[in-house]
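I opened the notebook to write down what I looked up, one place at a time. The structure comes first, and my entries come after it.

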Amino acid sequence: MLVTLQEVLRDAQEKKYGVGLFNTVNLEMAKGVLAAAEELRAPVIIGTAEILLPYASLEELAYFLVPMAQKASVPVVLHYDHGLTEPKILEALKLGFSSVMYDCSTDTYENNISRVAQMVKIAKAFGATVEAELGHVGANEEGSGDDSIYTEPEQARDFAKRTGVDALAVAIGTAHGAYKSRPKLDISRLAEISRTVPVPLVLHGGSGLTDEDFKNCVANGISKINIFTDINCAAAKAAHDNYREGCGLTDIQNLITEAVKQETMKKMRVFGSEGRA
């Protein structure tokens, strides 16, 4: 069933488990993610991000993601992640996405608030939810770790109150993409944000963290965890490992889906969302 962030994250926040967002760029990945959710009876968030649109447009993805989410026997949020431009966010809403992220984290604090607050009003007209980011989760680079871009707890409370967002992504030391070295997570900062901010918190840059890292983040307030790199690499590895001379796409596409399913299930078990649907 197609639902919004509020319908899955409030329960996750209350009962201390995490719901995964698994971004997808094709049908094989989508089938793997949703098969994992149905087998484990886990709520799930599926979608794409603005940075991934060169690989599959919003319109192309919506053709199969919307009906797949509607037909699923578990709660499925269809989420547009890291939306950077209003026209693309509006396109996602018009195409039936039930949730959007408006990422204004590199703008000034006041501009971030005003832009996100306006988007919250727009999304509500579509019956959709909004995620925003405070602080900044950057790309994975050697020597990164500047805590000046980390989320400040009191500022986060003010931000949530003034914008009316449904979920807030926080910066506590993670980064997007594959890690070159183990990240240093500021768990004490996360715990303080969780005590200070009433809305569910989101962890970006999740791929590559250890199971212990994930469990620690969930225990200290994270309700939504974003994953792409791990399932993307699982899909590519399945294609590589199963290719033989003369092999066609139909010989390996189900194996790609199965690899994505298995990696997704692994994450769901770690997040604690199994059996929560």
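**Ground rules.** I am working with a predicted model, in which local features need pLDDT of at least 70 and side-chain atom pairs count only at pLDDT 80 or more, while totals for chains, interfaces and linings use all residues. Residues are numbered from 1 along each chain as its sequence is written, and side-chain values use heavy atoms, with hydrogens and water left out.

**Entry 1, the annotated site.** I looked up the UniProt record, an unreviewed entry, and found that its "binding site" annotation covers Asp103 and Glu133.

I placed Asp103 in the loop between β5 (99-102) and α5 (109-125), and Glu133 in strand β6 (residues 129-134). Helices (H or I, at least four residues) and strands (E, at least two) are DSSP runs, numbered from the N terminus.

Are they buried or exposed? Asp103 counts as buried at 10% relative accessibility, and Glu133 is buried with a relative accessible area of 0%. Buried means under 20% relative accessible area, exposed over 50%, and partly exposed in between, with a 1.4 Å probe and protein chains only.

Leaving aside neighbours within four places in sequence, I found Asp103 in contact (heavy atoms within 4.5 Å) with His82, Gly83, Leu84 and Glu133. The side chains of Asp103 and His82 are joined by a polar contact of 2.8 Å. A polar contact is a pair of N or O atoms within 3.5 Å; within protein, one must be able to donate a hydrogen and the other to accept it, and residues adjacent in sequence count only if both atoms are side-chain atoms.

I found Thr210 in the loop between β8 (201-203) and α8 (211-219), where Thr210 counts as partly exposed at 29% relative accessibility. The side chain of Thr210 reaches the backbone nitrogen of Asp213 at 3.0 Å.

Definitions and conventions:
UniProt positions renumbered as here; feature names shortened; annotations may be inferred.
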